[in-house]
Amino acid sequence: MALDAKVPQGEMDKKWTDYKGHVKLVNPSNKRKLEVIVVGTGLAGASAAASLGEMGYQVKTFCFQDSPRRAHSIAAQGGINAAKNYQNDGDSVFRLFYDTVKGGDYRSREANVYRLAEVSAAIIDQCVAQGVPFAREYGGLLSNRSFGGVQVQRTFYAAGQTGQQLLLGAYGALERQVALGNVTQYSRHEMLDVVMIDGKARGIIARDLVSGKLERHFGHAVLLCTGGYGNVFYLSTNAMGSNVTAAWKAHKKGAYFANPCYTQIHPTCIPLSGDHQSKLTLMSESLRNDGRIWVPKNLNETRKANDIPKDDRDYYLERRYPAFGNLVPRDVASRAAKERCDAGYGVGTTKMAVYLDFADAIKRYGRIEAGKAGNHHPAEEETIVLGKKVIEEKYGNLFEMYEKITGENPYEMPMRIYPAVHYTMGGLWVDYELMTTSKGLYCLGEANFSDHGANRLGASALMQGLADGYFVIPYTLGNYLADEIRTAAIPTTHEAFEQAENAVNERIQKMMGIKGTESVENFHKRLGKIMWNKCGMARNAKDLQEAMVEIRQLRKEFWSNVRIPGEINECNAELDKAGRVADFLELGELMCIDALNRAESCGGHFREESQTEEGEAKRNDELFSFVSAWEYKGDSTWELHKEKLEFEIVKPTQRSYK
Amino acid sequence: MEHYNMNLTLKVWKQKNADSKGKFETFKVSDISSEMSFLEMFDVLNEKLIEEGKEPIAFDHDCREGICGACSMYIDGQPHGPWAKNTTCQLHMRAFHDGDTIVVEPWRSKAFPVIKDLMVDRAAFDRIIQAGGYVSVNTGNAVDANSLPIDKSDADAAFAAAACIGCGACVAACKNSSAMLFVSAKVAQLSLLPQGEPERRTRVLNMVTQMDKEGFGNCSNTYACEAECPKGISVLNIARMNREYMHAGLSADEK
Amino acid sequence: MTWKNFFTSSIGKKFLVALTGLFLILFLIVHASINACIFLNDNGDTFNAVAHFMSHNWILRFLEIGLFAALILHAIQGLMVWKQNVAARPIDYYVKKQNRNSTWYSRSMGIMGTLILLFLVMHISHFFVGTKIALYAEHDAPHDLYLEMKEVFSKGIWVALYMVGLIALFWHLFHGFQSAFHSLGLDHKRYTSLLRAAGTGYSIIIIILFALMPLSFYFGWIH
């Protein structure tokens with residue numbers, strides 16, 4: 001099947017307006033007859049379900065958590081971008097678009113990104129109207145800060161809890177629709193398959209995670225808003241429950257999986273403390289606004305951080321990238337940290353960490369505060385006290401979190417940080433309308449591949465999730481459903497439902513029947529190690545080939561030796577996890593295949609074979625300016641389809657932040 | 001920070017499902033690092049149980065960074081354990097010592113029935129939000145975000161209330177299983193903002209009515225909720241809600 | 001929202017408890033000031049005169065009905081709230097460390113209130129019943145309340161029981177004073193500490209005043 005992205009014709013800045021002006025509509029009385037299934041209730045899912053409910057569709061939402069409010073969007077800390085130009089610093093839709101395409105290392109679809117930039121401003125309006133308490137200035141107007149990879153201040157934030165506040169806004173809108181009867185909410189439910197009838201997605205098989213029973217749900221269309229698959233690495237900043245299952249089932253039913261190898265490694269996370277570790281914790285990128293990153297200049301440095309004089313410190317980001325300094329994009333910052341640690345300059349007991357130091361910022365803010373109070377020659381101690389207060393106001397909750405986890409006080413000594421898996425740019429391939437290659441099956445938010453190319457800029461994930469849910473899908477879904485108004489609800493006794501449920505049931509039975517000796521967690525950990533070591537921050541052909549063999553072997557072992565205690569028809573967290581890990585074991589292989597196939601470096605995908613003399617990622621536009629969309633062809637077999645990337649506006653160049 | 005290992009005895013509530021009667025069971029764990037989080041210690045225990053062919057202990061958890069509100073354990077007589085302003089997932093084993101016995105119970109409230117072991121059903125919170133914990137603004141109806149300046153101190157107070165993670169520790173801590181802190185946090189957030197103004201009266205009335213229906217107890221101002229809230233939500237929000245409720249209830253049109 | 005809905009809701013009930021509580025707090029000020037007349041050491045002349053006035057003034061007698069109504073309402077509502085609260089947690093915790101999150105007296109309003117109720121039974125039978133009998137059954141016979149006090153408080157057991165009642169009252173007021181304002185929504189960052197200080201001051205002064213009465217009689221500090 002040839003990939004048709006269905007990008008509207010015309011000038012870039014007119015495409016979306018034109019599309020909206022000509023798109024098919026569904027009249028209100030017909031909307032009432034159309035059912036839509038939304039899987040996942042994070043920013044994309046909750047905003048989509050709420051908006052569609054408001055429009056009059058009959059919506060069902062599904063989430064595996066006990067409430068939609070717990071979706072992992074809630075953990076996003078730093079902020080959300082929008083081209084508001086409230087700071088009068090030259091921002092515009094075009095600049096946001098440009099920065100995002102460039103930040104994504106020229107591997108995203110221009111038209112989608114442009115639309116994202118266009119609707120960004122409306123997101124902020126919508127959220128403020130919902131009562132989302134963004135940070136404000138004393139004049140009562142909204143405050144902004146800057147984020148990595150850009151030179152304007154366009155990031156809106158609510159302390160270090162922006163994702164939480166945005167999600168609770170969308171969750172409120174969703175609950176309102178539940179109260180109005182437009183949305184039915186299924187919590188503690190996990191989607192285990194998509195049901196295809198006559199080539200169209202017509203429903204899902206879901207498992208009630210409390211009773212363990214399988215359920216069939218019909219929908220005229222199915223929306224997957226199920227987030228990213230970073231947990232394939234076992235250790236990531238994702239929530240414990242985050243998984244690829246819904247997207248993977250859709251993939252196996254025909255939806256192409258695009259750019260699976262594009263993973264974002266976030267530079268500022270709390271380093272690993274031991275083998276027991278179950279997850280990694282992010283320290284918001286916003287910290288790089290004020291923190292300076294450094295390692296000792298000397299190998300085998302033994303002094304404590306505070307005892308190392310300035311001259312013996314290597315502020316390597318400022319040294320290598322003077323224009324952007326500590327605010328280079330995430331992929332660049334992560335690789336630079338890895339480079340220093342690999343070279344032996346790492347700090348901490350594991351030597352796999354770098355310092356993120358606030359001492360200078362504390363002094364700087366302290367002097368400003370003292371100056372405000374009329375004291376232009378403050379004593380050092382006084383500036384430190386005042387400065388700490390400012391830092392506390394800006395990042396208090398993050399500093400507290402750091403102290404809880406590490407037992408160290410970051411006001412007194414520099415934080416230790418190290419990169420960790422954070423976000424996956426890859427996902428189900430979608431066209432301009434966010435429809436996958438399976439008709440009637442849509443994919444929104446992190447779960448799709450479309451907007452971030454090979455590297456996502458900070459504060460863009462929240463923007464994309466909400467753009468897709470609030471402002472894109474309400475239009476594009478209508479274009480499909482307008483032709484479905486004659487389709488009556490299909491009873492779930494239809495044989496396709498029957499078959500899908502049976503298949504799901506068989507798989508569960510099979511898994512439970514293995515009764516082996518090794519726990520699910522162990523398999524997950526082992527998979528994570530393979531992925532991190534061989535398909536992580538730096539990749540090469542040899543490692544990737546080995547990884548594929550190892551993953552296949554591990555998968556075989558899983559299916560012959562996994563031990564899942566408990567019963568099927570009950571609340572059984574181990575069984576839930578087993579299904580997810582089984583899918584990760586398949587996805588991992590595809591990620592390696594994709595990474596191997598893409599013999600260039602771009603964004604978060606760094607192939608050691610393809611780098612500049614200075615060790616920067618080197619793209620190969622001639623050969624790889626395309627989206628890899630993989631079609632599932634059965635066990636360990638995929639067929640590659642390419643969507644060629646045409647750049648009308650932004651001309652790809654070597655990305656430079658120097 | 002000095003690292004150390006410890007052996008612990010855990011007394012944990014085990015309950016097969018909502019209909020069965022539960023009981024405490026005792027477990028031993030050894031070589032627990034002070035660097036582990038409390039839930040990682042449970043992971044270790046669960047792995048051990050699986051290895052022994054037993055059923056692991058069920059508990060709610062997800063983000064493990066203190067923000068999703070899923071984790072909910074009553075640890076040694078306190079929701080989320082001994083650290084102040086903290087969630088179970090962020091509690092680290094540094095808080096305990098070698099040889100300690102730790103008692104772990106689920107949240108106890110009629111409105112939060114136990115699902116299994118340490119998992120409880122907090123859908124009551126969803127239903128309270130459904131009763132009015134939002135601003136009724138359809139997508140696309142918003143005016144420019146800066147068209148309405150908001151006093152910074154009001155915005156900050158609204159944010160402080162909005163920081164609630166809906167974990168239910170307030171209910172668990174309260175001797176009356178009252179949900180007033182949770183409900184008041186949302187009511188206060190929206191009553192502090194001009195966006196919440198049009199529905200100000202109906203919101204508080206409906207949310208409180210739903211709260212009462214769910215079977216939570218009454219607030220008797222012990223302020224245990226504030227002390228145990230992982231986000232430090234202030235009880236002044238409760239006073240604010242009382243005020244809102246009185247104003248709304250006594251000025252509504254009905255007789 | 002109907003009146004019924006309002007006053008049967010959880011917050012409405014607390015309003016009633018708070019309003020009646022504040023009324024009782026006001027009453028205690030009057031009660032304590034009148035009783036303080038005994039400290040004039042004039043053999044109870046002033047005290048008896050005021051007591052006589054209190055029991056004969058029609059406005060005050062009307063208020064007295066209100067006082068009893070408030071008291072009963074306060075007690076009944078309080079007990080009903082308490083009953084509901086117990087029902088809200090069918091299975092209690094095995095281990096509780098509530099002292100880490102709240103004060104014992106804030107958690108003991110029900111018990112303290114019950115103690116006060118029992119105390120009131122005794123208190124009313126000691127002083128109030130006699131006054132009323134003199135007023136109605138004995139056709140307004142002269143009644144020496146001062147003497148009655150003197151007699152009751154000459155016995156150690158009564159003095160001791162009064163002390164117990166007053167201790168219960170102290171803790172009840174100590175929490176109840178600011179709690180009532182809180183329930184009525186009259187609590188605010190800026191005024192919280194003021195309210196608490198006022199509540200503490202009030203509770204201490206009132207209880208000391210009351211406690212001095214039986215003690216003074218018992219130890220013969222007044223004649």
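Q: How many residues of domain 1 of chain A are in contact with domain 2 of chain A?
A: Six residues of domain 1 of chain A touch six residues of domain 2 of chain A. Contact means that the C-beta atoms of two residues, placed from the backbone, lie within 7 Å. This is a predicted model: local features need pLDDT of at least 70, side-chain atom pairs count only at pLDDT 80 or more, and totals for chains, interfaces and linings use all residues. Residues are numbered from 1 along each chain as its sequence is written, and chains are lettered from A and ligands numbered from 1 in the order in which they are written.

Q: Which element gives the largest share on the domain 1 side?
A: Helix 9 (residues 330–342) of chain A, with five residues. Helices (H or I, at least four residues) and strands (E, at least two) are DSSP runs, numbered from the N terminus.

Q: What classes are the residues on that side?
A: One is nonpolar, one polar and four charged. Ala, Val, Leu, Ile, Met, Phe, Trp, Tyr, Cys and Pro count as nonpolar, Asp, Glu, Lys and Arg as charged, and the others, Gly among them, as polar.

Q: Where are the two domains of chain A?
A: Domain 1 covers 266–420 and domain 2 covers 495–622. The bounds come from an automatic or database domain assignment. Their C-alpha centres lie 34 Å apart.

Q: Switching topic. How many residues does each chain bring to the contact between A and B?
A: Chain B brings 67 residues and chain A brings 66. On the chain B side, helix 1 of chain B gives the largest share, six residues. By class, that side has 31 nonpolar, 19 polar and 17 charged residues.

Q: What is the strand order in the open sheet of chain B?
A: The five strands run 2-1-5-3-4, with mixed pairing. Strands pair if DSSP finds at least two bridges between them. Strand 2 (23–33) and strand 4 (78–79) of chain B are at the edges with a single partner strand each, so one side of each has no neighbour in the sheet.

Q: And strand 1 of chain B with strand 5 of chain B, parallel or antiparallel?
A: Parallel, over four bridges. B:Lys11 stands opposite B:Val103 there.

Q: Back to chain A. Is strand 12 of chain A buried or exposed?
A: Seven of its seven residues (263–269) are buried, so strand 12 of chain A is largely enclosed by the rest of the structure. Buried means 20 or more other C-beta atoms within 10 Å of a residue's own, exposed means 12 or fewer, and partly exposed is in between, with C-beta atoms placed from the backbone.

Q: What does strand 12 of chain A pair with?
A: Strand 16 (residues 415–424) of chain A, antiparallel, over five bridges. A:Gln264 has A:Tyr423 as its bridge partner.
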